[in-house]
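Subject: Handover of a structure and notes on what was found

Dear colleague,

Please find the structure below, followed by a short account of what was found in it. Kindly read the notes with the sequence at hand.

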Amino acid sequence: MADMTAGMHKVWPHVLQAIKNRRRFTWILLEQNTDVLFYDGTTLMLRATSQGVCDNIVASGSSAILDEALAEVLNTQPTVELHVEGQAPFALHRSAPNRPATEVRVSVAVTTPQAPSETAEASTPTLRLVLAQTAFLMHEQGNSQAAALLTDVEDVELVPGNRFEDCQDAVLILPPYLVPRFTENVTAAIQPVFEHVAGRHGLEIGGVTAAPALPDIGDDWRQILQERLAKGAASNQASPTRARGVAPGLSKDGFVFDSREEVLVYEALKRAQAAMSQDSTIAVFPLPMGRVGTGNAWTPDFLVAASGRVGIIEVDGPHHQKRFGADATRDRHWRNSGIVHIERILVEETSADADLDALVRQFLTRLREYR
């Protein structure tokens with residue numbers, strides 16, 4: 001028996017490859033959460049890491065994929081047992097039309113399938129854990145930009161998948177103004193990491209997209225919306241409408257910001273301001289609205305006055321990569337309207353205070369030295 005078990009250890013990678021060729025989710029589930037415990041030619045015992053893994057193997061139909069792979073590699077279909085340490089075996093018989101009855105034994109009883117709403121509710125804590133672990137992994141892999149963007153995700157929802165019939169897509173729920181930052185390049189970088197982490201928790205994810213959070217409204221929504229429409233779409237700090245529905249952490253010293261990165265830049269400007277003498281300091285105007293000579297009304301992220309000169313700081317997210325021409329045109333109009341210097345800071349440059357402080361000092365030096 002020991003020789004057959006040792007032989008199965010050598011054959012098992014080929015079984016996993018056959019599984020991978022059929023269904024990636026099943027391969028991730030078995031490759032990362034099971035190993036060969038015993039094989040005698042008729043019974044294959046697999047050690048599983050948890051009850052959740054056993055439940056997912058059975059509930060997801062992965063046992064049928066395992067049967068097919070074993071038949072392909074071994075030319076036989078042994079009885080499969082899934083064992084969890086410290087649990088007594090529990091036998092579950094499964095059969096389907098035109099298929100031989102197959103016995104799959106697991107160490108714990110399989111739970112009754114839940115209603116869709118209950119399943120979604122039960123998976124919410126797991127999805128949030130997957131989100132957090134994905135963000136940390138991306139940071140550890142050197143993708144600080146994607147990691148920073150993931151910290152702004154408010155929640156994760158599951159929707160029917162577009163790529164595969166047997167999996168779901170994860171939708172990252174964001175404040176509406178942040179959705180454009182999740183470009184195709186950003187989601188393409190996040191997706192494989194998110195899928196990998198989800199698979200290790202027994203969740204099959206076929207894709208990752210971003211969507212705006214739905215507004216929280218009541219029965220008086222018509223009246224509220226009509227009032228806002230009547231007041232216009234002004235976005236300067238003086239507008240009282242801007243202070244409504246501010247996301248946590250996006251309000252500082254009475255100012256309202258559009259992103260966490262803007263708050264970090266504001267804090268860096270405050271540190272620079274505090275280091276100067278009061279008779280030779282700077283003035284900082286976050287997100288003011290201004291009219292340029294062309295007649296356009298724009299809102300720069302920061303307008304800064306120093307030594308009789310005025311400059312602008314823009315905090316650029318990933319969506320600006322496709323707007324280089326438009327940004328250059330806007331910067332030209334700002335200069336033609338009296339703004340002597342425009343500095344663009346990338347969101348990934350805001351992660352470390354020391355680096356951000358250096359960028360702010362550089363901006364102020366160029367602003368004061370402008371001729």
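Of the 371 residues of the protein chain, 40% count as buried, where buried means under 20% relative accessible area, exposed means over 50%, and partly exposed lies in between (1.4 Å probe, protein chains only). The model is a predicted one, in which local features need pLDDT of at least 70 and side-chain atom pairs count only at pLDDT 80 or more, while totals for chains, interfaces and linings use all residues. Residues are numbered from 1 along each chain as its sequence is written, and side-chain values use heavy atoms, with hydrogens and water left out.

The chain as a whole

The secondary structure comes to eleven helices and 16 strands; helices (H or I, at least four residues) and strands (E, at least two) are DSSP runs numbered from the N terminus. The accessible surface of the chain is about 20000 Å², and 53% of this belongs to carbon and sulfur atoms. Such areas come from the Shrake-Rupley method with a 1.4 Å probe, and for residues only the protein chains shown count as cover. Among contacts (heavy atoms within 4.5 Å) between residues at least 6 apart in sequence, 59% join residues at least 24 apart.

Helix α1

Helix α1 covers residues 2–22, and its 21 residues should span 30 Å at 1.5 Å a residue, the expected span being 1.5 Å times one less than the number of residues. The end C-alpha atoms are 30 Å apart, which agrees. A kink of about 40° lies at Val11, shortly before the proline Pro13; the bend at a residue is the angle between axes fitted to the seven residues ending there and the seven starting there.

Which residues of α1 are buried? They are Thr5, Met8, Trp12, Val15, Leu16, Ala18 and Ile19. An α-helix has 3.6 residues a turn, so residues three or four places apart point the same way. The buried residues of α1 pack against α2 (24–33), β1 (34–39), β2 (43–48) and α4 (62–74).

Asn33 is placed in helix α2 and counts as buried, at 8% relative accessibility. Asn33 and Val53 are 20 residues apart in sequence, and their C-alpha atoms are 7.0 Å apart in space. Leaving aside neighbours within four places in sequence, Asn33 is in contact with several residues, among them Val53, Arg47, Gly199 and Arg200.

Asp357 is found in helix α11 (residues 353–369). Asp357 counts as buried because its relative accessibility is 18%. Apart from neighbours within four places in sequence, Asp357 is in contact with Ala268 and Arg271.

Two loop residues with positive phi

Leu287 is not a glycine, although it has a positive phi of about 50°. Leu287 lies in the loop between β11 (282–286) and β12 (290–291), and it is buried, with a relative accessible area of 2%. Ser307, also not a glycine, has a positive phi of about 55°. Ser307 is in the loop between β14 (302–306) and β15 (309–316) and counts as partly exposed, at 45% relative accessibility.

With kind regards
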